[in-house]
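Hello! Here is the structure I promised to pass on to you. Please open it beside this email, and then read on for what turned up in it.

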Amino acid sequence: MADTLQFDLVSPERMLASFEASEVLLPGSEGDMTAMPDHAPTITTLRPGFLRVVGADGTKEFLVTGGFAEITASSASVLAEQAVPRDEVTREMLEEMHAQATKAHEEATPEKVDMAAKIVADFAAAIETWV
Amino acid sequence: MPNLKDLKNRIESVKSTRKITKAMQMVAAAKLRRAQEAAEAGRPYAERFNAVMAGLSAAAAGSDSAPKLLSGTGADQVHLLVVMTSERGLCGGFNSTIVRLARATAQELLSAGKTVKILTVGKKGREQLKREFGDHMIDHVDMGAVKRLGYGEAQGIAANVLERYEGGEFDIATIFYNQFESVISQIPTAQQIIPAKFEADEAGGSGSVFYDYEPDENEILAELLPRGVATQLFSALLENAASEQGARMSAMDNATRNAGEMIDKLTIQYNRSRQAVITNELIEIISGAEAL
């Protein structure tokens, strides 16, 4: 069994990252999931949130605004609508995302309201810790 | 024989024209490189996206619950032509080739009794189509203010198109743009975007693997299909941008060369006239001296 999987992060405008990773934490639209080698093939949509990738040279984090991910036994490809590496994330970005999430939460239907609340909480926490 | 001063002015003016076309050519070359890089950077996303969508839509196509964006409205009466051209001219046949293809398609559809609606992206296409198809034009997207082409622009156009589709304004949408082949060759292309068509090009790819879907397939499809429209529009915009710069570069290269030839010709004419003037003066002086 291989102990790494090929991780690719692409946005429509460019390829942001491509390397071997041992685990990838994805903000799935129905809950977080971690892809590790030999994961069952899965396609999931993503919610706005944070992507954490553990690779050979440390952990990398990205802010994604949505998109989807394709996971196979040997790879995890994230097709994000927009993705920003952690060091380029600014407080304004997070605050804007937080404001959007709060608005979405207020308008959310009863079955979606929990997930919307989670997104709001994610960004509130990120404003505290990331910048 | 034109007088010397006029000729001299003429040469000067052609020289400055040559300077301008030369500069435009160099600017286009620099922009072309950037546009090509952008087009290349966008390719991995589009390829993966299409691969995933091909698998998904093949699975969903058979079922009755397939989203309208995939299965179509069941009719093909009203066609929307999205004609993507540039904002600026002086780029050779770039705009005309797209317009010609769109015009031919529109005429074919009209003579088959279909209804044609036209949405133009970029000023030049609108100008060329306005006279003939003015009544069919429903909207125009102005790209004049766009400095750097981003996914946001494609999303904006996609939202516009999707809203009309939801409102039942058309059944089939086709985009017209120039596929970038090389600096001297751009291929005008028509591509149907609604209902969505994804070519499953790889046999061993996602088609053969059974994926788990989260949320379920139909929900994913419903979310991804509108994005697919934006993605296709975005790649078309990128191809178009590269083609435009390529076309402009070769057009300006030609213009520079023609200006050079013209300067040579005018210079010869100028020298001949000057020689004739000198000869004339000499004859006058000599005959004056002989008369004494």
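**The sheet in chain B**

Let's start with two strands that sit side by side: strand S4 (residues 172–182) of chain B and S5(B) pair in the antiparallel sense, over 9 bridges. Within that pairing, B:Tyr177 has B:Thr189 of S5(B) as its bridge partner. Please keep in mind throughout that this is a predicted model.

These two strands belong to an open sheet of 5 strands in chain B, whose order is S3-S2-S1-S4-S5 and whose pairing is mixed. Which strands are at the edges? They are strand S3 (137–141) and strand S5 (185–194) of chain B, each of which pairs on one side only. From one strand to the next, the twist averages 25°.

Helices come up against this sheet too. Helix H5 (residues 151–166) of chain B lies across strand S1 (78–84), strand S2 (115–121), S3, S4 and S5 of chain B, and runs at about 160° to S3(B). H6(B) also packs on the sheet, where it touches S1, S4 and S5 of chain B. The direction of H6(B) makes about 40° with that of S4(B).

**The nonpolar cores**

The largest nonpolar core has 87 residues. Which of its members touch the most others? They are B:Leu81, B:Val82, B:Val83, B:Met84, B:Phe176, B:Leu233 and B:Leu237. H6(B) gives the most to this core, with 17 residues.

Leaving aside residues up to four places away in sequence, B:Phe176 touches B:Leu81, B:Val82, B:Val83, B:Met84, B:Ile98, B:Leu101, B:Ala102, B:Pro188 and B:Ala190.

**A closer look at B:Leu32**

Now go to helix H1 of chain B, which is where B:Leu32 has its place. Is B:Leu32 buried or exposed? B:Leu32 counts as buried because it has 21 C-beta neighbours inside 10 Å, and the cut-off for being buried is 20 or more.

Some of its surroundings come from another part of the sequence. B:Leu32 and B:Ser243 are 211 residues apart along the chain, yet their C-alpha atoms are separated by 8.0 Å. Not counting residues up to four places away in sequence, B:Leu32 touches B:Ala242, B:Gln245, B:Gly246 and B:Met249.

**Where the chains meet**

How many residues of each chain are in contact? There are 21 from chain B and 20 from chain A. On the chain B side, the elements that give two or more residues are helix H1 (4–61), strand S6 (212–214) and helix H6 (217–291). H1(B) gives the most to that side, with 7 residues. By class, the side of chain B that touches chain A has 14 nonpolar, 3 polar and 4 charged residues.

There is strand pairing between the chains as well. Strand S4 (residues 42–46) of chain A pairs with S6(B) in the parallel sense over 3 bridges. Look there for A:Thr44, whose bridge partner in S6(B) is B:Glu214.

**The two domains of chain A**

Last, chain A itself. Its domain assignment gives domain 1 (5–86) and domain 2 (90–130). The contact between them takes 7 residues from domain 1 of chain A and 8 residues from domain 2 of chain A. On the domain 1 side, the touching residues divide into 3 nonpolar, 2 polar and 2 charged. The C-alpha centres of the two domains lie 20 Å apart.

Happy exploring!

Methods. Residues numbered from 1 in each chain as written. Chains lettered and ligands numbered in written order. Predicted model: local features only at pLDDT ≥ 70, side-chain atom pairs only at ≥ 80, totals over all residues. Domains from an automatic or database assignment. Contact = placed C-beta atoms within 7 Å. Nonpolar A, V, L, I, M, F, W, Y, C, P; charged D, E, K, R; others polar. Helix = DSSP H or I, 4+ residues; strand = E, 2+ residues; numbered from the N terminus. Pairing = 2+ DSSP bridges. Core = buried A, V, L, I, M, F, W, Y, C linked by C-beta atoms within 7 Å. Buried ≥ 20, exposed ≤ 12 C-beta atoms within 10 Å, placed from the backbone. Axes fitted to C-alpha atoms, helices over the stretch in contact; angles between N-to-C directions.
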